[in-house]
Amino acid sequence: QRRSGCARTRIVHLPEDAMTESVHIGESIEMFTLAQQFIVSDTPDLLPPDWEAFHQDGWWIGTLGDQGLPIVPLYTADAVQIGWLVGHGIDGNGEVISQKCIVPVRATAASLMEDLEQYLYTLAGRWAAVALTARGSRFYVDPGASLSAVYCPEQRVVCSSISLVPRRESTRDREELVRLLDIPAQDRWFPFALTPRVDVHRLLPNHYLDLATWTTIRHWPAGQPALVSLDQVGAQVERIASRIESTISAVVRHGPTTMGLTAGCDTRVLLACARDVCHDIEYSTLRIPDPKGKLDCDVAGMIARKHGLKHECLEWVEAGEEDIREWLYRTGSCVAGRTMRGVRTFKERSSPAININGGMGEIGRAFFWRSGDDEAPRFSAAEVVERLDLPPADLIFRECDQWLASLPCDRASTVLDLLYLKQVLGCWGGPQVYGYVRDLFIVWPFNHRDIVDAMMRLPVEYRIRQRLASDLVRSRWPELAKYPFNWYPG
């Protein structure tokens, strides 16, 4: 059969060793579905039964049929298929890509791979890409790796979760690391591209996986990003705001949309950038059982009433044992914390919708910076691990040292930005998205190469003073600036 230019088949075989998974829970694969997940392999035997599968040039890609991700063929300008776009990409015209994706380069061009990479990073949304060309085969993730991926070189497979990687002696549990991080009892995640299994690695943001050598290559940043001067900040603010606006408008046109609203910075920025479509969005605030949860609900309610927004406060529902077992299975037992414990709250929403989330906005807020960092020498592994609030163990220090040594820059502010981008967003933010089963899909409007680049180029003193969120809000909806961030008005 043919669909969107791709060969399609049904896979009916699954090896026995792929039928059980998870370091902690040992569930059968039939217990929970891996909705909105994917697998890429050079053998069809690794694809679960009844998943929809596509085939090109000796490679297979699969997803869970009607509960799966969109798999859109990638074509060159001369109509040659060169792989697939997985997930929900949003093009430069502000449209969700749903049928086919055309890269503006010919298949025979010497610059094919460079032009393909440049095109991919014009996309917003939550996506990954499989590039299969005569000049090389690669797997890319979006700038924040929000559609997270792990890979196993020995089994030649890339997938959304270790729950899809067959268990073998070569992919046995990392017992020492698993005990050390103690998930789900501790609110932790697996950093530095580690997973709970030997020879299963996470693909970090701004790296691609070479599918011939099964090694990862950093493709951005190539060096130290140059900072702009204070008189150029306005242009960067406009650059960020216009990209966020475009993404939100595309999502609202695509389907029913929800957005979180809190007393914090990032949701306020998203609301300001959604001004033209704000009445087509349903807003919600999670009543987290602590003082901040009350503050969020009170301030969000004030804003919603003043501006006529559709808004509700969601009562916190603690996750039960079955919810946590499902979360661990869907996320590969790689991340835990309050986000896991609140997952049942969102399961009980009345109808599925696209969810707009403030992920990645923290880069613009100098999340890991401390006083004196800009004059600091290169960070030690102990300092980095302490800022990540991870156990101070030799195993983690060694991985951290390797990551620090791989960086193409040594300016303290840039190192800390990359720390947040790669080790928090890439290893915590992206994997946890697979735990949410009620959303049609989840989008981080800050997740765009232009936005990340613009935030990282802002002057150090500007970001230390936390000015970006206020300036973004004032650029699009000045009335929202009268509500202080994370504080009651007055």
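Colleague: How many aromatic pairs does the structure hold?
Modeller: The structure holds 12 aromatic pairs, meaning rings of Phe, Tyr and Trp (its six-membered ring) with centres within 6.5 Å; planes under 30 degrees apart are stacked, over 60 edge-to-face and the rest tilted. Bear in mind that this is a predicted model: local features need pLDDT of at least 70, side-chain atom pairs count only at pLDDT 80 or more, and totals for chains, interfaces and linings use all residues. Residues are numbered from 1 along each chain as its sequence is written, and side-chain values use heavy atoms, leaving out hydrogens and water.

Colleague: What about Trp59 and Trp214, how is that pair arranged?
Modeller: Their ring centres are 6.2 Å apart with the planes at 40°, so the pair is tilted.

Colleague: Buried or exposed, those two?
Modeller: Both Trp59 and Trp214 are buried, that is, under 20% relative accessible area, where exposed is over 50% and partly exposed in between (1.4 Å probe, protein chains only).

Colleague: And Phe367 with Phe368?
Modeller: That aromatic pair is edge-to-face, 5.2 Å centre to centre with 80° between the planes. Phe367 is partly exposed at 46% relative accessibility, whereas Phe368 is buried at 9%.

Colleague: Which residues form the aromatic cluster?
Modeller: Tyr121, Trp127, Tyr140 and Tyr208 form one cluster. Arg138 lies over the face of Tyr208, 4.0 Å from the ring centre, and the charged end of Arg449 sits over the ring of Tyr121, 4.1 Å from its centre. The criterion is NZ of Lys or CZ of Arg within 6 Å of the ring centre and within 35 degrees of the ring normal.

Colleague: Switching topic, what is Thr414 in contact with?
Modeller: Leaving aside neighbours within four places in sequence, Thr414 is in contact (heavy atoms within 4.5 Å) with Gln224, Pro225, Cys409 and Met456. Thr414 is buried, at 0% relative accessibility.
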